[in-house]
Amino acid sequence: MLVNMNDVLLPAQKGGYAVGLFNTVNLELAKGVLAAAEELHSPVIIGTAEIFLPYSTLEELSYFLLPMAEKASVPVVVHLDHGLKAETCKRALELGFTSVMFDCSADDYETNIQKVREITQLAHAKGATVEAELGHVGDNEDSAEGSSQLTDPSAYYTVPAQAKDYVERTGVDALAIAVGTAHGTYKLPPKLDFDRISEIAKVIDTPLVLHGGSGLSNDDFKTAISRGISKVNIFTDINQAGAMAAVGVYKEGKGMTDMILPSIEAIKQSVMTKMLLFGSENKG
Ligand SMILES: [Zn+2]
């Protein structure tokens with residue numbers, strides 16, 4: 001069934017588990033992710049990010065993601081990840097996406113609040129939810145979010161007192177925080193500031209989101225979730241799993257159609273591993 005982010009993140013926050021966002025920018029990704037969710041009876045968040053729109057437009061995705069979410073046997077949120085322009089967020093909401101992230105983390109604090117508050121009011125009027133980012137999650141070189149290389153990532157970590165002011169003034173439903181992760185593939189293992197997650201969770205009721213999760217250790221995920229993370233974004237891992245399956249088939253001299261089912265299966269297995277790690281199985 002098609003739901004919004006509150007429907008899946010508030011129970012997750014209460015239950016001490018996390019729900020995964022797995023971007024589904026084509027049919028194979030969508031089929032793999034939804035098959036994993038249904039097999040494990042897990043809630044799930046699917047969708048795309050502004051940076052992925054060259055692969056499939058919001059409109060094209062709405063043709064199949066929304067009906068697939070409605071027909072699914074588990075709660076499915078159709079979300080725009082990292083919306084960078086207000087118009088993109090508005091378009092997603094018009095098309096029926098049930099959630100948007102408006103990423104104004106590169107703006108100054110007051111501008112970030114003003115822009116996000118406007119989208120939040122619009123989304124709430126449609127029964128949709130909004131995620132925002134405070135502080136700035138860094139990007140590894142190959143990241144799909146871009147490559148705003150941060151020389152000192154800790155200078156951009158989320159400040160707990162500011163997080164409280166931010167959620168009160170914007171009314172957002174979920175908050176992405178910067179605690180030491182980065183988008184894309186890591187060269188060195190990341191070091192997370194777990195105490196900061198606990199401090200933020202102590203001062204705000206809004207569910208917290210961890211971006212840049214691909215490549216983190218299982219212990220990192222478990223600790224982050226136990227400290228108060230309710231949503232984890234994963235893309236690089238499942239993207240690579242699908243590609244590796246396709247390459248294997250190609251090397252056997254086969255064609256495009258032969259890649260489809262093995263890719264879906266590899267994506268499904270990769271997603272299931274994460275869902276079991278996040279503890280979202282049997283919560284749908
Ligand atoms: Zn992100």
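Reader: How do the axes of helix H4 and helix H5 lie, and at what angle do they cross?

Author: This is a predicted model. In it, the axes of helix H4 (residues 86-95) and helix H5 (residues 109-125) come within 11 Å and cross at roughly 10°. Angles under 35 degrees count as roughly parallel, and H4 and H5 are therefore roughly parallel to each other.

Reader: Which residues make the contact?

Author: On H4 they are Ala-86, Cys-89, Lys-90 and Leu-93, and on H5 they are Lys-115, Ile-119, Leu-122 and Ala-123. By class, the contact of H4 with H5 has six nonpolar residues, two charged ones and no polar ones.

Reader: Which residues have the most contacts inside the largest nonpolar core?

Author: The general idea is that nonpolar side chains tend to be buried together in soluble globular proteins. Here the largest nonpolar core has 83 residues, and those with the most contacts inside it are Val-33, Ile-46, Val-100, Ala-132 and Leu-175.

Reader: What is Leu-175 in contact with, leaving aside its neighbours within four places in sequence?

Author: Leu-175 is in contact with Ala-132, Leu-134, Ala-163, Val-167, Thr-206, Leu-208 and Val-209.

Reader: Ala-163 belongs to helix H6. Does H6 pass H7 in a left-handed or a right-handed crossing?

Author: The crossing is right-handed. The axes of H6 (residues 160-170) and H7 (residues 194-203) come within 9 Å and cross at roughly 40°. Pro-160, Ala-163 and Lys-164 of H6 make the contact with Glu-199, Ile-200 and Val-203 of H7. Four residues of this contact are nonpolar, two are charged and none is polar.

Reader: What is the phi of His-41, and where is the residue found?

Author: The phi of His-41 is positive, about 50°, although the residue is not a glycine. His-41 is found in the loop between helix H2 (27-40) and strand S3 (44-49). With 14 other C-beta atoms within 10 Å, His-41 is partly exposed.

Reader: What about Asn-282: what is its phi, and is it buried or exposed?

Author: Asn-282, also a residue other than glycine, has a positive phi near 60°. Its place is in the segment after helix H10 (256-278). A residue is exposed if it has 12 or fewer such neighbours; Asn-282 has 8 C-beta neighbours inside 10 Å, so it counts as exposed.

Definitions and conventions: Residues are numbered from 1 along each chain as its sequence is written. This is a predicted model: local features need pLDDT of at least 70, side-chain atom pairs count only at pLDDT 80 or more; totals for chains, interfaces and linings use all residues. Axes are lines fitted to C-alpha atoms, for helices over the stretch in contact, and angles run from 0 to 180 degrees between N-to-C directions. Helices (H or I, at least four residues) and strands (E, at least two) are DSSP runs, numbered from the N terminus. Angles under 35 degrees count as roughly parallel, over 145 as roughly antiparallel, 65 to 115 as roughly perpendicular and the rest as oblique. Two residues are in contact if their C-beta atoms, placed from the backbone, lie within 7 Å. Ala, Val, Leu, Ile, Met, Phe, Trp, Tyr, Cys and Pro count as nonpolar, Asp, Glu, Lys and Arg as charged, and the others, Gly among them, as polar. A nonpolar core is a set of buried Ala, Val, Leu, Ile, Met, Phe, Trp, Tyr and Cys residues joined through C-beta atoms within 7 Å. A residue is buried if 20 or more other C-beta atoms lie within 10 Å of its own, exposed if 12 or fewer, and partly exposed in between; C-beta atoms are placed from the backbone. A crossing is left-handed if the near helix is turned anticlockwise from the far one by less than a right angle, and right-handed if clockwise.
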